[in-house]
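Subject: A structure for you to look at

Hi,

Here is the structure I promised to pass on to you. Have a look at it first, and then read on for what turned up in it.

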Amino acid sequence: MAKKRPQSKAGKPQLKDGEIPVVGAREPCPCGSGRRYKACHGRAAAQAVTELVQRPFEGIAGECDWIALRELVPAATVELTLKGGLPDGVPSVSLATVLPMAWPALRRDDGSVLLALQNDTSSGDLSRDLADTLQRALEAEPGTPVAARRVPADGPRLQDVLDPDAAFEPVVHSGFEFWVPDAENATAEVSASLERANAAAIPTTRLSGVDAAYWCETPEKNHLRWVMPHPEEQLLDALARLHAAGTSSLGEGTRLVGSFRAHGLMVPVWDLPSAMGAEECEKPAAQFAERLVEALASDAPLTGEERRARGGLTNRQVTLS
């Protein structure tokens, strides 16, 4: 039998939870317990980091557009406003859907910062991951990208870093020329990279008459994907009422085909004729928004036909995140 390790009566005094620093997973825990960090205080820290936050952008201006840019839009940028203003030497901070080489962020030569939204993250809280990357980008040397890392479990979130009163106004681009300040005079390598990225981008336009609705063009048909802020069950009921009444489409040749579920919100999707562009979507989308408001306000029990419509919509949901 293995010998038992003698217990010291005057062992190292244990620290309070708030005083315990983060160390390597296999190192002795600084609390003095004698166990490895991962089996002691590191266990709670790891759980906090990996716990999934269902709505990471909740409470931020433009939550629905954050989700659209994260999941649906190939090329877009948004100028961000920080609490307390920009640090010295940082002329601007912009959110970008994606950056070259899948960089999480980039500090440009002029000191400006680009923060990428569509990268894989290390924790279950996308907001905390992005805030950590943003803070490191603000402190990086000009002209350098920011690498990915595992974020501290108690680090700030976007809600702590961004100005809650600032507008969130996405600018959708036809390509990724925003990667470089002077795309026309870029090197051959950079030009080739831009050409490949642009060829893969689906043409996308943000509607101006309603919030967070994005038209996109595909070879076979066009689509409208609309991120909505309403609670899922309430929105499903409202869509079912409209669908059963034959008023869920956006006009002739269009059809509500289902929805995505992304970051805690629903994204209804319509199939559109290939001849129907973004401008042609504006008026029917605004009219649908009015019908939806009325349907959301109804608290009457669903009829049998409406329940069947709801079941069909539920079966055609796809979870993106």
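The accessible surface of the protein chain comes to about 17,600 Å², and carbon and sulfur atoms hold 50% of it (Shrake-Rupley method with a 1.4 Å probe; for residues, only the protein chains shown count as cover). Of the 321 residues, 43% are buried, where buried means under 20% relative accessible area, exposed over 50%, and partly exposed in between (1.4 Å probe, protein chains only).

Please keep in mind that this is a predicted model, in which local features need pLDDT of at least 70 and side-chain atom pairs count only at pLDDT 80 or more, while totals for chains, interfaces and linings use all residues. Residues are numbered from 1 along each chain as its sequence is written, and side-chain values use heavy atoms, with hydrogens and water left out.

The chain has 8 helices and 12 strands; these are DSSP runs numbered from the N terminus, with helices (H or I) of at least four residues and strands (E) of at least two.

Ser259 sits in strand S10 and is buried, with a relative accessible area of 6%. Leaving aside residues up to four places away in sequence, Ser259 touches Met266, Val267, Pro268, Val269, Arg316, Gln317 and Val318 (contact means heavy atoms within 4.5 Å).

Elsewhere, strand S4 (residues 113-116) is covered on both faces: Val113 and Leu115 on one side, and Leu114 and Ala116 on the other, are all buried. S4 runs parallel to S2 (residues 93-96), joined by 4 bridges, with Val93 opposite Val113. S4 is antiparallel to S3 (residues 105-107), with 3 bridges, and Ala105 has Leu115 as its bridge partner. S3 and S4 form a hairpin with 5 residues between them, and Gly111 in the turn has a positive phi of about 95 degrees.

Best wishes

How values were computed: Two strands pair if DSSP finds at least two bridges between them.
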